[in-house]
Amino acid sequence: MNLRLKGVPNPKQRVFFGAVARHIAYGGARGGGKSWAMRRKFVLLAFRYAGLQLLLLRRTLPELQENHVRPLMAELTPVVKFHSTQRVFLFPNGSRIKLGYCDREADVFQYQGQEYDVIGLEEATHFSESQMQFLTTCNRSTRTDFSPRMYYTCNPGGVGHAWVKRLFIDREYRSLERGEDYVFIPAKVSDNPVLMAANPQYIRTLSNLPEHLKKAHLDGDWDALAGQYFSEFSRELHCCHPFEIPSWWRRFRAMDWGYMDPCCVLWFALSPSGQIIVYREMYERQMLSSKAAKQVLEWSKGEKIAYTAASPDAWQQRGLKGLEGECIADVFAHEGVPLTPADNARIQGWQRVRECLAPDENGKCRLVIFDNCTNLIRTLPQLTFDSIRVEDVSATCEDHAAEALRYGLMSRPRISLPPVTPKTVVYDPFAPAKKPVQGYTSL
């Protein structure tokens, strides 16, 4: 084989190469040599194990092209064949490195049913937790000489900051997650002698950043740049176990429609004090609008629902021009779930959510979420600021449940008063007669 791979791994990269856990993350600060380490690990694995199937992902196609396609072509050609239309490097021993991207939340479904021995998420904090979780279902193998594993490179910040920090930094595990399956190798620019020699002023560049960015990008401090849009959110303050809601409390629903992206419907109840309870959640992908409406109706059986606020796209006409069919709102109305157009003012809506999350002087919050609303609770703290429209939520976030929440809170529901029990009047013939009201005469 006439191939000489350039570069010598630094000590931290060697640790990364030697790790064999189920999930292995590398990075933390900028300039630690993450992309090179990921590419080199994939190439070494492909040469070491014949017929190995590897998938390497970035969030966007331009990032994938610049960070991996071009460098790998320069290194591997002509020994390894590259199929440009499929973005696949085919090795002489039958191993394959497929390169892909997941620009939209639903792009991960293009890998449904596929099987990869190795999956790598380059800049893992750019991926949502649901994307990561779905991709783990593709990371499987029937081989006896190699156990499936996933590799991650990452910096603090981004839509995936919360789940990366939880698993690899805070090491807080849920359900069947096991600590021994997760390894994190921290690396800073000072650990990368190649970059230090070629571009010594890069440390000065990072040192001149604002303090919170400096801590994150130079020091790899995961607490300095959480990037949360709703830093007010707290499971302790805003989540509770379900309780029986009085039947006379005003109830309403809000929906963010989606087919490939999730369709999220939230059920709300308003207490006499003005506290808003999110007590039920429907979160379904690839569900026909007629079936979704039937399920909403079924789940609301026995409840008096005042209205259902829905995202504006529910009124978009579907089909070819001149052959438009029913819109989503028409289908829901036909099934017995009439929809009301939601107030879609984004900045004002997010501010409304923020106000409801903020505790009052007694530490109580206006918004409470039942802990069975798992997707709202999971995704709300993962929302991050948009890099251009800084008052808005980033479009890269999994925001479907949060959108439904925003629509519900912007619907400005009215508080219901307790039902009045009519008094029973008993006639007493011996009771003294009432005096006539002044200005009127008795008959």
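How many bridges pair E13 with strand E14 (residues 340-341), and is the sense parallel or antiparallel? The two strands pair over two bridges, in the parallel sense. The views below come from a predicted model, so let us take a friendly tour of it.

**View 1. Seven strands line up in an open sheet with mixed pairing.** Reading across, the order is E9-E15-E12-E11-E10-E13-E14. The edges belong to strand E9 (239-240) and to E14, each of which pairs on one side only.

**View 2. Strand E13 (residues 305-310) runs parallel to strand E10 (residues 250-256).** Four bridges join E10 and E13. To find your place in this pairing, look for Arg 253, which stands opposite Thr 308 of E13. E13 also pairs with E14, and there Ala 310 stands opposite Pro 341 of E14.

**View 3. E11 and strand E12 (residues 276-284) form an antiparallel pair.** Eight bridges hold the place of this pairing in the sheet. A handy landmark is Ala 269, which faces Ile 277 of E12 as its opposite residue. As you follow either strand, remember that side chains in a regular strand alternate between the two faces of the sheet.

**View 4. Trp 315 sits in the loop between E13 and helix H11 (328-334).** Its relative accessible area is 30%, so Trp 315 is partly exposed. Trp 315 touches Ala 310, Cys 327, Ala 329, Leu 339, Thr 340 and Pro 341, leaving aside residues up to four places away in sequence.

**View 5. Tyr 259, Met 260 and Leu 288 make a nonpolar surface patch.** The patch covers about 280 Å². Tyr 259 is found in the loop between E10 and strand E11 (263-270). With a relative accessibility of 36%, Tyr 259 counts as partly exposed.

**View 6. Helix H12 (residues 346-357) and its buried residues.** The helix has 12 residues and spans 17 Å from its first C-alpha to its last, close to the 16 Å expected at 1.5 Å a residue. Buried here are Gly 349, Trp 350, Arg 352, Val 353, Arg 354, Cys 356 and Leu 357. Their cover includes helix H9 (235-238), strand E15 (367-370) and helix H14 (400-410). E15 is also a member of the seven-stranded sheet, placed between E9 and E12.

Terms used. Residues are numbered from 1 along each chain as its sequence is written. This is a predicted model: local features need pLDDT of at least 70, side-chain atom pairs count only at pLDDT 80 or more; totals for chains, interfaces and linings use all residues. Side-chain values use heavy atoms; hydrogens and water are left out. Two strands pair if DSSP finds at least two bridges between them. Patches are made of residues with over 30% relative accessible area and no salt bridge: like charges are joined within 9 Å, nonpolar side chains (Val, Leu, Ile, Met, Phe, Trp, Tyr) within 5 Å. Accessible areas come from the Shrake-Rupley method with a 1.4 Å probe; for residues, only the protein chains shown count as cover. A salt bridge is a side-chain nitrogen of Lys or Arg within 4 Å of a carboxyl oxygen of Asp or Glu. Buried means under 20% relative accessible area, exposed over 50%, partly exposed in between (1.4 Å probe, protein chains only). The expected span of a helix is 1.5 Å times one less than its number of residues. Contact means heavy atoms within 4.5 Å.
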